[in-house]
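Please open the structure in your viewer and keep the selection tool at hand. The stops below say what to select and what is there.

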Amino acid sequence: MKRMMTALAVVLACGTGAAAAADLRMSWWGGDSRHAATQAALKACGEKHGHTIQPEFTGWSGHQEKVATQLAGGTEADIMQINWPWLPLFSLEGDGFADLKAFADIIDLSQWSKAQLDSATVNGRLNGLPVSTTGRVFFFNKATFDKAGLPLPSDWGELIAAAAVFKEKLGEDYYPFDAQGGDGLGAILNVSLVTTQMTGKDLVDPETNTVAWTPEELQKGIEFNQNLAEKGVIRGWKTVAAGGNVSLFELPAWSEGKIAGSYEWDSTYKKFNDPIAEGSLVPVDILTVDGAVTQGVYRKPSMLFSISRNSENPRAAAQIVNCLLNEPEGINALGDTRGIPASRIAAQTLAESGAIDPNLLQAHKIVMEAEGPTVSPFNEHPDVREIFADTLEAVAYGQISAAEAAQEIVDGVNDVLAGF
Amino acid sequence: MMGGESRYLGLAYVAPYIAGLFVFTAIPFVASLYLSFTDYNLMRPPRWAGIDNYVELFTRDRTFRKSLTVTLLYVFMTVPLKLAFALFIAYILNYRLKFINLFRTAYYVPSILGGSIAVAVLWRYIFADAGLVNMLITAFGGEPVNWFGDPSNALFTITLLRLWQFGSAMVIFLAALQSIDKTLYEAAAIDGAGKWHTFFHITLPLITPVIFFNLIMQMVQAFQEFNGPYVITEGGPLKSTYLLPLYIYEEAFKKFDMGYASAIAWVLFVIIMVLTLIAFWSSRHWVYYAGDKRS
């Protein structure tokens, strides 16, 4: 009789969708504040739902390699923080992660807009939930602009004009902006932004899955970026390389205000602002070129929480994901350590409690209110990035012309896209 | 004759090593050969691709050609310089100077630090545009040098990092120098041989086995260099420090093209093997072993 009652209880429990106490794992990348907040959130959510969650966290560097190796071996964590551009790499057919629509009875999907959920959907399968939406925004060091007697720029023309004033009043080693060198990301994003503003199109045409820009259009974007280096608005590629492989925010020139602006993810505001010795960074509206068709905002889901397709306890994992993103225990513990939350209830909860840095809020507002074509994840495909970086570097070193570079990029990216 | 129990005990002692050898070396070694003939992106099972990866490498891949050239240049520049420098320092440290043990330890310290990330980061700061080296150059009235930003300087700067870690080769040279019979030097001195003459006709021939050993070891290590260029320049500028191990790493773990990365790794392996075989073959003509009749 006792056995029958137990069996009945199990059947009823399964039938109502409850998840038995489970041992789970969750992996993510980030900095110290995110690590501490996430561990606290997992503890709170675990206690609430009766599960234990083993944390697995690292810095950004090497995390993608770790996740790839785990996915290949089927040893990935039950819950994973996934970078949005990884979806074509890890889940080309949409079956790389569990379909979260299957857990709609546990996760409150109504907290995300259709567009947000679509961005995380591959082949009709919801591969993850957007944790936050991020975008590139212009930050400027107000103290340096004040010293030069200039207001913060509101368009590219003012920024370019600022370079001459900087050199004259502050010194030859002062730059109002930075977008070059290293892994080439700054230059790539700058060229992409300007070309998008001039054409109104993203790099990839979603209809044909080919490059949307003509070589002539891209050439103008490349020349624009080159012009910035020639006029001393940004450091030249060679100058940046002379400092070795160092991030912008680690440079003394950045903390001293000698490099007085950059175009970065809004969610990284704190990282770039913390080293500033005098005053603080101010986010401004996206600068546009003359005759711009669009602001061309580069906006995307910054990261997703996904559930492993191999998880033995997917329903328990879904409970924890919902708690982290939609329930007060998770929301308050995580705070703004992953940017402004994409979940409506989380954003509202944090806004009401005043837990969000006002500058971060302002930067995020700029990103969310700006307009532009939908950004394809192929913009961040490693092969596409490599083609852009190598070619723009060759232009910067005078090895090829902007016209040749534009043709090489269009051909190279089309070759990559043809494989999908 | 060894008893049964002792034999099993011996096997038990070596079992962890044998297991490690299989799991971490032998099986991956064979697996990588198989993978080099496949299209494998980690997420899907490997798909047989025949010799496609190798055809792509040798016919269309400009990055591979550039990376191979840079790697060979790096090895041919680093190995002779490092051997010469290590021998030079060992020769000096072979004299009976005051505090000689302190000097010997001090010169070995860089090798204890090895090719670690911390040393590479230190190197990045020393040779940066506003780093220590340029500060010294400008203090003496010179023009600062763009060590990392100029493609013609960047590889040389990475080479210096490897040269600086000359300690292990130096210690081996020092041991060889100390094992040379002193009576040979005394006989040479009586015959009126000068220092250069003694060095080239007594010292050098007698340490050729050690030179040969160091040559092989340093060459293999140089082909595998990763930390320095990865941390300091990330292979740039214009791929002037993009050694083959960096290319293998990026193909495997940035693009997840494991098949292609395995093919590059095998080409690198064959190059190292061929050069090692050439070194062994040539050693018959220049390496002298005591008691060897050919000597």
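This is a predicted model: local features need pLDDT of at least 70, side-chain atom pairs count only at pLDDT 80 or more; totals for chains, interfaces and linings use all residues.

Residues are numbered from 1 along each chain as its sequence is written, chains are lettered from A and ligands numbered from 1 in the order in which they are written, and side-chain values use heavy atoms, without hydrogens or water.

**Domains of chain A**

Colour domain 1 of chain A (22-134 + 301-360) and domain 2 of chain A (135-299 + 370-418) separately; the bounds come from an automatic or database domain assignment. Their C-alpha centres lie 30 Å apart. Eleven residues from domain 1 of chain A and 17 residues from domain 2 of chain A take part in the contact (heavy atoms within 4.5 Å). The two domains bury about 1200 Å² between them, 65% of it on carbon and sulfur atoms; buried area is the accessible area (1.4 Å probe) that two parts lose on being put together, summed over both. Select A:Trp84, A:Thr134 and A:Asn359, which supply 44% of the area that domain 1 of chain A buries against domain 2 of chain A.

**Nonpolar cores**

A nonpolar core is a set of buried Ala, Val, Leu, Ile, Met, Phe, Trp, Tyr and Cys residues joined through side-chain atoms within 4.5 Å. Buried means under 20% relative accessible area, exposed over 50%, and partly exposed in between (1.4 Å probe, protein chains only). The largest core has 117 residues, and A:Phe90, A:Leu129, A:Leu324 and B:Phe173 have the most contacts inside it. Next, select A:Leu324: its contacts beyond four places in sequence include A:Met26, A:Phe305 and A:Leu334. A second, separate core of 51 residues includes A:Leu159 and A:Ile366.

**Aromatic rings**

Rings of Phe, Tyr and Trp (its six-membered ring) pair if their centres lie within 6.5 Å; planes under 30 degrees apart count as stacked, over 60 as edge-to-face and the rest as tilted. Over all chains there are 43 aromatic pairs. Select B:Trp123 and B:Phe127, a tilted pair with 5.4 Å centre to centre and 45 degrees between the planes. Both B:Trp123 and B:Phe127 are buried. Then move to B:Phe212 and B:Trp286, an edge-to-face pair at 6.0 Å and 75 degrees. B:Phe212 is buried, with a relative accessible area of 7%, whereas B:Trp286 is partly exposed, at 27%.
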